[in-house]
Structure formats: C-alpha cells, structure tokens
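Please work through each task with the model open before reading its solution.

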Amino acid sequence: MVVTDQDGNPLKGVAVSVPGYRSFTGLAGTARFGLLPGRYAVHISKTGYRGRRVNAGVRPGETTTSRVVLQKLPANRPPQK
C-alpha cells in the first residue's frame with residue numbers, strides 16, 4: 001500500500017489496517033502485509049486527513065500494490081466575532 005497526500009507527497013505514520021493486521025507507513029508512504037490470496041477491506045487513517053476504506057485483491061503468487069490518496073482536512077478556524 002502506498003499512501004500520498006493530494007499533491008502526491010508520501011505520507012508517513014498512516015495507519016493501514018486489514019482484518020487481523022495493522023501497520024503504519026514509513027518515510028516513503030508504504031505499508032506492507034504478507035496476506036493470503038483473497039479480497040480485503042483496507043482501512044486507512046491519519047490525524048488531520050479524511051480516512052478511507054478501500055477494497056484490495058491479492059492473487060496467488062503476485063505482489064499487489066494499491067495506491068491511495070488522503071485528502072487533508074480543513075484547519076480549524078477560530079469562531080468569528
């Protein structure tokens with residue numbers, strides 16, 4: 001899994017979860033899992049970004065790379081008087 005922001009920059013520290021496994025992306029925005037073939041619901045989240053849920057398929061004997069873009073949430077603004 002490769003996770004970037006909307007500008008294409010890799011995101012470090014993104015939580016990537018599939019049933020029974022959880023990992024965090026490194027400097028290059030990647031998280032790796034050794035999964036059996038099948039379809040998986042993948043949850044991706046990072047503070048300050050809109051979380052995502054994507055489906056990923058793993059085929060026997062193949063390496064699958066999924067790319068996900070997270071959108072930055074708007075900064076909290078102080079109330080106007």
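**Exercise 1. Examine the hairpin of E4 and E5: how many residues lie between the strands, and which residue takes a positive phi?**

Solution. Begin with the hairpin of E4 and E5, where six residues stand between the strands and Gly48 takes a positive phi near 90°. Before going further, note that this is a predicted model, in which local features need pLDDT of at least 70 and side-chain atom pairs count only at pLDDT 80 or more, while totals for chains, interfaces and linings use all residues. Residues are numbered from 1 along each chain as its sequence is written, and side-chain values use heavy atoms, with hydrogens and water left out.

Next, follow the pairing itself: strand E4 (residues 38-45) runs antiparallel to E5 and is joined to E5 by seven bridges. Strands here are DSSP runs (E, at least two residues), numbered from the N terminus, and two of them pair if DSSP finds at least two bridges between them. Within this pairing, Val42 stands opposite Val54, and Arg39 stands opposite Gly57.

**Exercise 2. Determine the strand order of the open sheet of four strands and say which strands are at its edges.**

Solution. The order is E3-E2-E4-E5, with antiparallel pairing. The edge strands, each pairing on one side only, are E3 (21-24) and E5 (52-58).

**Exercise 3. Decide in which sense E1 and E6 pair, and whether Thr4 is buried or exposed.**

Solution. E1 and E6 pair in the parallel sense over four bridges, and Val3 stands opposite Val68 in E6. In strand E6 (residues 67-70), Val68 and Leu70 form the covered face, whereas Arg67 and Val69 form the uncovered one. Thr4, which lies in strand E1 (residues 2-5), has a relative accessible area of 15% and is therefore buried; the cut-offs are under 20% for buried, over 50% for exposed and partly exposed in between, with a 1.4 Å probe and protein chains only. Not counting residues up to four places away in sequence, Thr4 touches Asn9, Pro10, Leu11, Val68, Val69 and Leu70, contact meaning heavy atoms within 4.5 Å.

**Exercise 4. Classify the one aromatic pair of the structure.**

Solution. The structure holds one aromatic pair: the rings of Tyr21 and Phe33 have centres 6.4 Å apart and planes at 70°, so the pair is edge-to-face. Rings of Phe, Tyr and Trp (its six-membered ring) pair if their centres lie within 6.5 Å, with planes under 30 degrees apart counted as stacked, over 60 as edge-to-face and the rest as tilted. Because Tyr21 lies in strand E3 and Phe33 in the loop between E3 and E4, the pair ties together parts that are 12 residues apart in sequence. Tyr21 is partly exposed at a relative accessible area of 45%, and Phe33 likewise counts as partly exposed at 25%.

**Exercise 5. Which strand gives the most to the lining of the largest pocket?**

Solution. E5 gives the most, with three residues, while E2 (15-18), E4 and E5 each supply at least two.
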